[in-house]
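Colleague: Hi! I'm new to this one. Could you show it to me and walk me through a few spots?

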Amino acid sequence: MEENLKVSVSPHIFSKRTTRNLMLDVVIALLPAAIASVVIFGAGSLLVIATCVISCILFEALFNLIIKRKQTIGDFSAIITGLLLALNLPVNIPLWQAVIGSFVAIIIVKNLFGGLGYNFANPAITGRIFMLIAFTGSMTEAVFPAAVDTVAGATPLGALASGEEVGVSLLDMFLGLRGGALGETCALALIIGGIYLICRKVITWHTPVTFILTVFVFSLIYSGDFETALIYVLSGGLLIGAIFMATDYVTTPTTALGQVVFGLGCGLITCLIRFYGSYPEGVSFSILFMNILTPYIEKITMKKPFGGVKK
Amino acid sequence: MSFFKMSGVVVPHMKNTCEMQAERMPAPKSVVIPMNMHIGAPAKPVVQEGDIVGVGQLIGEAGGFVSSPVYASVSGKVTKVDKITGTNGASADAVFIESDGQMRPFEGIKAPTVTNFEEFVAAVRDSGIVGLGGAGFPTAVKLGVKDLSLVREVLINGAECEPYITSDTRTMLDRADDIKEGIELLEKYLGAGTIIFGIEKNKPEAIAKMKEITSGDSAVSVKELPSIYPQGGEKVLIYNLTGKVVPEGKLPLDVGCIVINVTTLASIAKYIRTGMPLVEKCLTVDGSAVASPKNLIVPIGTSLRDVYEFAGGFKAEPKKVLLGGPMMGIAVKSLDQPVMKNTNATLALAEKEAERPEENPCIHCGRCVNSCPLGLNPVAFAKALSLNDCEALEELKINLCMECGCCAFNCPAKRDLIARHKLAKSELRSYQQQRAEQEKKEA
């Protein structure tokens, strides 16, 4: 009798976690920040988000078509890149620049290296850094929230760097009523997203907490003032970077120890750039730099095989 | 004492049959008994076509030191001795017996005389018992220690960590007397100072029963293990019960431990009491295609087809049939596959469960790394394998992988990791062989 049984190597059951539902969880975790950006910066932010997300999906689809690879847009990773990139841009960025940023992120950083899982650098961050250097003017222009009356002045970090008065209360900083990129300002929304990711076991606390604590401690030492140190933590792209970009699986270490090392390095580099560099913000650069170091961090923080004997 | 934190994964228990006492299956029309149901040299057939055999009659003698004898599981006529293809693809001799339906015991059956350690080990060897938890390692070889003073702890493995399987649970509940006798034998002949039961805490009745039968004996303790797969893995069990680490390339005995599965222990006691060798197995019959899951006691060599038929058939077309549990079980290619000594379950999976999910690229999430109980790094294995870098595989200790399946179970990209690890291990073995030959030539 012919049964036509399937044969495969064990195991024969699998956890419910899939690449797709992990990515979907990240998209969900980014929604509070995206909604906050619309509330804070107005409907213009929707346009930037839509531009980045749609162009990222299209670039990914196009690339797959050209190289005749199976379509990968269903894994949601291009959507995350688009969302993250958009949330790292100011609201009045010219849309064609956002499209170029998406191109760099999806085509150059991600797909030319082999697509999801093979890129060594975070696509959204590298896209943003490219834009920061190519379109410095529109990227660094301090855009103030529609919800706030102030119309001129520097971002909190810019103010801190030049020794001016920050002029924004800690509560406003926490709620995101300050100048900056779309999704980086509202600490509340980002923390909600971070807690969601930790509860859903998508990420662990190691990288974000170490990263943020390192920045806090060094800022405290540097400024000698508790409140200023808190402002440092709440300004720039620290929270979005620490929670969403420094926890990208592909480009960061896998073990808890490795993640602590990664977070420490990011925090340290961020502070060095913030305190001594010519750019007011260093979160993106620090993550990119640590991305490059990831294979080495992995190597030195690898677990010791149980009962393994050195030969 | 090491502070290594043992990982693992939380798997669905699906112990649907744990309340079901095993039913005895009547003699099937015929059985096919392979000679290689254990680790080591295959047994050599000692019967020929036309021979009349009784239950418990020797049909294959041990083929070497690491080997085990094989006995007829039904009474009847040997129809042929022929090669069959085993689950690992290798062919081996098998004895085909047509049952007379009588289940007439072989007249030569008598309880062995056991008065000392040597006779005890000889009896275990004659019993045909091998590691019944699934490993199939000849038990007499494991127990035949040269220096009894080395044995500090005997660990009784009742973890039964695989989903679905409840045959060891049933042994603990239904054959507690055999287990008690087994404990007494170990104390008497092995001089075991400390005996520890390790049972996963999802089996409270079994834990209670084992505590009950050993309550008068201060040398015996029953420890609850967390319900985290794979508690039953030998190194995992030793570590969790004693805190000892079995070093690479060493045996449990090197750290003073012997690990015996509960059903193996019960079977030893039964043989020494009755003289009836290992001819039947209790197995869990379950899976999404099975109409009524249950535990059955079946003659070794019964085809899975007969087992499923007696169990009540299928409610859906079986698309994948396993020997063993879903984490480490082997998918068989035909229902003609006979039940073997180390078979403790057979699962028939319907379409949906049988389908292996599609593989996606590794996203480096580290779930494999963080779930490996032995602290190995499947991400690095995959990289080394793709570069065919055997030196890296050696350094990463791929040889330690016990193929428990935690990494592949947890992988969100559903990478076929265990298949890769098997491949990597065989690549490493041939590399090491070549290197050894090279060194020999140079020397």
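Modeller: Happy to! Let's start in chain B: the buried residues of α11(B) pack against α10 (367–371), α12 (390–395), α13 (406–410) and α14 (417–442) of chain B. Keep in mind that this is a predicted model.

Colleague: Nice. Which residues in helix α11 of chain B are buried?

Modeller: Helix α11 covers residues 378–386, and its buried residues are B:P378, B:V379, B:A380, B:F381, B:A384 and B:L385.

Colleague: And what is the phi of B:N388, which follows α11(B)?

Modeller: B:N388 has a positive phi, near 55°.

Colleague: Switching topic: how many residues does the largest nonpolar core have?

Modeller: That core has 82 residues. Those with the most contacts inside it are A:L87, A:L89, A:F211, A:F244 and A:I287. Helix α1 of chain A, residues 19–41, gives the most to this core, with eleven residues.

Colleague: What is A:I287 in contact with, leaving aside neighbours within four places in sequence?

Modeller: Its partners are A:I125, A:F211, A:G241, A:M245, A:A246, A:F262 and A:C266. Apart from this core lies another, of 78 residues, with A:L5, B:M172, B:A266 and B:M340 among them.

Definitions and conventions. Residues numbered from 1 in each chain as written. Chains lettered and ligands numbered in written order. Predicted model: local features only at pLDDT ≥ 70, side-chain atom pairs only at ≥ 80, totals over all residues. Heavy atoms only, no water. Core = buried A, V, L, I, M, F, W, Y, C linked by side-chain atoms within 4.5 Å. Buried < 20%, exposed > 50% of the residue type's maximum accessible area, 1.4 Å probe, protein only. Helix = DSSP H or I, 4+ residues; strand = E, 2+ residues; numbered from the N terminus. Contact = heavy atoms within 4.5 Å.
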